[in-house]
Amino acid sequence: NNNNNNNNNNTPQQESQQSRQILVIGSDLPPPLKVSLAQLCASHGLDLLHVQSYGLVGTVRLQTSTPLPVGNPKPRDVAPDLRLTTPFAALHEYYEQEFGNRPDAAAWNALDDKQHKHVPYPLILLRVQQEYRRDNDGALPRTFAQKQEFAQRVRAASRDFTNEINFAEAHRHAYLAYKEAPPVARGKLTELVEQSQAAAAADHPNNRHRNSRVKLQKFAILLQALQQFLHQHDQQPPLLGKIPDMTASTELYIRLQTIYRRKAEQDVAAFRALVQPLAAAHPVDISDEELLTFCQNVLVLDWVPNRWLADEMNPSSPVPAELLEALQEAWQDAAEEGAMALMENNDDEDDDKTNQVLEMLPLLWQLGLQACDLFYQEHGRYPGTTMDDNFQADAPAVQTLLEGCLARYQLTVPANHETGAIHLDRVALELCRFGNAEVHNIAAVVGGVASQEAIKVITGQYVPLYHTYVYNGITSSAGVYA
């Protein structure tokens, strides 16, 4: 404890060790040992990943020592950040220099066919955008009809649309010229700032550890700096500085790429200037790499709040309201899916298929494993592991514990013909039949998932689990639950 509370006296080697990202991994631990390890990791500011293969069900549980800032370095389905609706000065000057702003479009008409088919599509969109603004009192398309008109203008600007790939690209990306880039949600940003500041200042044992405390402080500082940056730059976040592949001449593409890269470097420099005084006040050291990574993720900022595994395994521990809401939503969705299946299947022979929608929900089996853990705490063994192989004898006790888990999370069990039914006795019997056996294919699935999640937590990239992954090998289905 003395070492934890006196970080200023640590040697450089100790500081270096504390600054590393350490992840503790446990596998198939019995409940008492699992709780002890979770509490030990929490008290020492360490992240924990627990993997369990139990019969035909497998789980991966992540417990973070502090709320975990996350970013996705390669987000999918994200539009290019070209800022065509509000061109920055360098981009506007480049367009004016190359093509001017003359109504007769003389600069464009002067291009030969080879040059015309190698103009980058962002410049094509800027040209059509200027013409559209001129004809519509400076306004951009808003209605569906106006957007269709804009797309037709892009097509009409081509000399031979079928053979000019760059104009086909411009036509496909026409929305970039009139659709504002998704802004950083100010409400979400304010919420993250408040949560990160509160977590960093909280009187929790984790915050006495330099690695955990500094991680939260850095995130809070970067969020505060982002708020200031948005205020100073008309709510525009730092530019990503990357342009997609496109049909263009090498010269024009490189020049366009250079313009975006330089603008991004200017934004990062301006952002750094805002970060430095905030960091000096604490003090913490935010590296250029951390700052750059943050800037590249401003549109996908989020974090994973911590959920203590020991609280989860304690039936008397209060359940957070947001957790109740998330689990009840998942439960209700499955109930509605079961009701729809029941409406489609009027034959009594299909009732079992309908019931499986609810009975095979991964969330139910996760709660079943919690019931098995509670059974272990009461009896010192897992259900179904008696010496006489009479696994059925433990089923009533497991069913009672499972009903208690459902009640704890306020999950109502459907028991009528309108919504189908869940036969908890069958679920309890199957859990007893498993007898804590480890099946190789289930272990392979959850082991693979756990290895991916470990990399995410250690590297601080991509979005990790939130917080429990459950794999149901009976139906080859899976779910992630808070």
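Two strands count as paired if DSSP finds at least two bridges between them, and strands (E, at least two residues) and helices (H or I, at least four residues) are DSSP runs numbered from the N terminus. The exercises concern a predicted model, in which local features need pLDDT of at least 70 and side-chain atom pairs count only at pLDDT 80 or more, while totals for chains, interfaces and linings use all residues. Residues are numbered from 1 along each chain as its sequence is written, and side-chain values use heavy atoms, with hydrogens and water left out.

**Exercise 1. Work out the strand order of the open sheet and find the strands at its edges.**

Step 1. β1 and β2 pair in the parallel sense over five bridges, and within this pairing Gly26 has His50 of β2 as its bridge partner.

Step 2. β2 (residues 47-54) is antiparallel to β3 (residues 57-63), with seven bridges between them; here His50 is bridged to Arg61 of β3, and Val51 stands opposite Val60. The hairpin of these two strands has two residues between the strands, and Gly55 takes a positive phi near 65° in it.

Step 3. β3 and β8 run antiparallel and are joined by five bridges, with Val57 opposite Asn472 in β8.

Step 4. The order of the five strands is β1-β2-β3-β8-β9, with mixed pairing. β1 (23-27) and β9 (477-481) each have a single partner strand, so one side of each is left without a neighbour in the sheet. From one strand to the next, the twist averages 10°.

**Exercise 2. Decide whether β2, β3 and Asn472 are buried or exposed.**

Step 1. Buried means under 20% relative accessible area, exposed means over 50%, and partly exposed lies in between, with a 1.4 Å probe and protein chains only.

Step 2. In β2, eight of the eight residues are buried, so this strand is largely enclosed by the rest of the structure.

Step 3. Asn472, which lies in strand β8, counts as buried because its relative accessibility is 0%. Leaving aside neighbours within four places in sequence, Asn472 is in contact (heavy atoms within 4.5 Å) with Leu56, Met360, Trp365 and Ser477.

**Exercise 3. Identify the helices that lie across β2 and give their angles to this strand.**

Step 1. Axes are lines fitted to C-alpha atoms, for helices over the stretch in contact, and angles run from 0 to 180 degrees between N-to-C directions.

Step 2. Helix α3 (residues 31-43) lies across β1, β2 and β3 and runs at about 165° to β2.

Step 3. Helix α20 (residues 440-459) lies across β1, β2, β3 and β8 (468-472), and runs at about 170° to β2.

**Exercise 4. Describe how α17 and α18 meet.**

Step 1. The axes of α17 (residues 362-379) and α18 (residues 395-408) come within 8 Å and cross at roughly 120°.

Step 2. The residues that meet include Leu364, Leu367 and Phe375 in α17 and Val398, Leu401 and Cys405 in α18.
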